[in-house]
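Here's a quick briefing to read with the model open beside you.

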Amino acid sequence: MTLEQLTEQQLDMLKELSNIGMGHAATALSQMLDQTVMLRVPRVTVADLAEVPRLLGGAERQVVGITLRLLGEARGHILLLFPRASAEHLLQQLSGQSEPGAELDEMAVSTLCEVGNILSSAYLSAMGNLLEMVLIPSVPLLASDMAGAVVDRLLIELGQSEDLTLVVETEFHDLGPESSAVTGHFFLIPEPAALAAIFAALDRGKT
Amino acid sequence: MTDVRVGIADMRVAKAPALLVAHGLGSCIGIALYDPELCLGGMAHTLLPYQRAGTGPFRVGKFVDSAIEAMLAELEARGAVRQRLWAKIFGGATMFRSPLHPEDDGIGVRNTRAAREILDVFGIPLVAEDIGGHHGRSVEFDLATGCIQIRSLRQHETVVTL
């Protein structure tokens with residue numbers, strides 16, 4: 001399945017699917033933070049590989065990225081990106097420990113990976129239930145660096161097959177005070193074959 | 001001075017006083033070629049080592065091999081002499097460290113190996129490199145001097161000059 005062939009209706013289905021998944025992930029996050037978590041309407045973008053860092057606010061912006069491979073009946077990647085300051089606020093609220101600007105220690109890395117794990121699992125189980133598919137996240141990996149450098153590993157994997165990438169993106173933020181607000185981006189990047197499987201499952205559901 | 005942005009999977013050739021600039025290289029590898037006589041140079045920001053036969057149309061800057069080939073052709077078309085050219089490479093980091101495969105022979109390493117091999121095939125000397133590690137790099141190539149400044153965000157912002 002090539003990305004140019006996607007219809008408006010299919011893009012809407014992806015948005016809706018992501019909305020449901022993200023709703024569950026947001027519930028999990030709001031329970032962790034004891035704060036309401038708001039979601040933006042998801043964006044489904046067929047992005048040229050070279051444009052992806054710009055979607056994230058520039059290649060040099062300092063971010064913390066947590067990536068998981070999507071395994072099971074549909075393959076792809078999940079990327080959870082926090083601006084560096086948000087990751088520090090998140091750590092502060094979860095473990096009471098975080099030094100602005102300091103290198104993330106083992107405890108911080110493991111805490112943030114666990115957040116990635118919980119959000120992805122919530123997202124995938126909601127999506128899997130809906131699609132009647134088994135979707136399993138891999139072990140999360142973390143990198144804290146420039147946005148361009150954090151995402152290029154993913155672009156490389158996707159770039160093996162095509163120049164264009166389908167990205168389902170949802171921005172979320174909590175309603176805490178601005179000085180300690182947590183915002184982030186959740187990306188679902190299905191492989192081309194996975195997209196076909198997802199649409200087939202949605203069609204099955206309709207009949 | 002004009003900055004020429006080299007995006008992901010991109011390749012650009014320019015002449016002094018321009019700067020060739022690439023932001024946020026992780027596992028990607030950057031390749032710079034330079035003719036000091038003409039102050040003419042090129043930079044590529046590549047994702048993968050080798051193009052595969054039978055894959056559809058792609059950006060020349062996406063693969064190390066196609067990028068070097070295209071850059072060489074454009075440099076020579078603008079008067080560069082191959083015997084005068086030198087190369088510098090940067091990037092090729094392992095951004096996501098896996099506890100299961102701590103010394104993974106990852107894509108950054110494979111990109112680096114490909115760049116060295118291909119430069120060797122074309123007989124272009126590799127005069128300097130800043131490769132590997134676990135950090136991203138932002139690069140500025142000054143075509144007036146041939147100097148390359150590399151910034152990273154480790155602990156404190158550090159600058160390496162090649």
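Contact here means heavy atoms within 4.5 Å. On that basis, 30 residues of chain B and 26 residues of chain A take part in the contact between the two. Keep in mind that this is a predicted model, where local features need pLDDT of at least 70, side-chain atom pairs count only at pLDDT 80 or more, and totals for chains, interfaces and linings use all residues. As for bookkeeping, residues are numbered from 1 along each chain as its sequence is written, chains are lettered from A and ligands numbered from 1 in the order in which they are written, and side-chain values use heavy atoms, with hydrogens and water left out.

**The interface**

- About 2500 Å² is buried between chain B and chain A, and carbon and sulfur atoms give 61% of that. Buried area is the accessible area (1.4 Å probe) that two parts lose on being put together, summed over both.
- B:Ile8, B:Phe96 and B:Leu153 supply 29% of what chain B buries against chain A, more than any other three residues.
- The rule finds one salt bridge across the interface, taking a salt bridge as a side-chain nitrogen of Lys or Arg within 4 Å of a carboxyl oxygen of Asp or Glu.
- A:Glu60 and B:Arg151 pair up through their side chains in a salt bridge, at 2.8 Å from N to O.

**The two chains**

- Chain A has six helices and eight strands, whereas chain B has two helices and 10 strands. Helices (H or I, at least four residues) and strands (E, at least two) are DSSP runs, numbered from the N terminus.
- Along the sequence, chain A reads α-β-β-α-β-β-α-α-β-β-α-β-β-α, and chain B reads β-β-β-β-β-α-β-α-β-β-β-β.
- Buried residues make up 53% of the 207 residues in chain A, and 53% of the 162 residues of chain B count as buried. Buried means under 20% relative accessible area, exposed over 50%, and partly exposed in between (1.4 Å probe, protein chains only).
- Take contacts between residues at least 6 apart in sequence: 74% of those in chain A join residues at least 24 apart, and for chain B the figure is 64%.

**Helices α3 and α4 of chain A**

- The axes of α3 (residues 84-95) and α4 (residues 106-131) of chain A come within 11 Å and cross at roughly 95°. That makes α3(A) roughly perpendicular to α4(A), a label for angles of 65 to 115 degrees (under 35 is roughly parallel, over 145 roughly antiparallel, the rest oblique).
- From α3(A), the contact uses A:Ala87, A:Leu90, A:Leu91 and A:Leu94, and from α4(A) it uses A:Ala108, A:Thr111, A:Leu112 and A:Val115.
- A:Gly101 is in the loop between α3 and α4 of chain A. Neighbours within four places in sequence aside, A:Gly101 touches A:Arg84 and A:Glu88.

- Most residues other than glycine have a negative phi, and most peptide bonds are trans.
- The peptide bond from B:Ala16 to B:Pro17 is cis, with omega near 10°, and B:Pro17 lies in the loop between β2 (10-15) and β3 (19-25) of chain B.
- B:Ala9 has a positive phi of about 60° and belongs to the loop between β1 (3-5) and β2 of chain B. B:Ala9 is buried, at 2% relative accessible area.
- B:Cys39 also has a positive phi, near 50°, in the loop between β4 (29-35) and β5 (40-46) of chain B.

Definitions and conventions. Axes fitted to C-alpha atoms, helices over the stretch in contact; angles between N-to-C directions.
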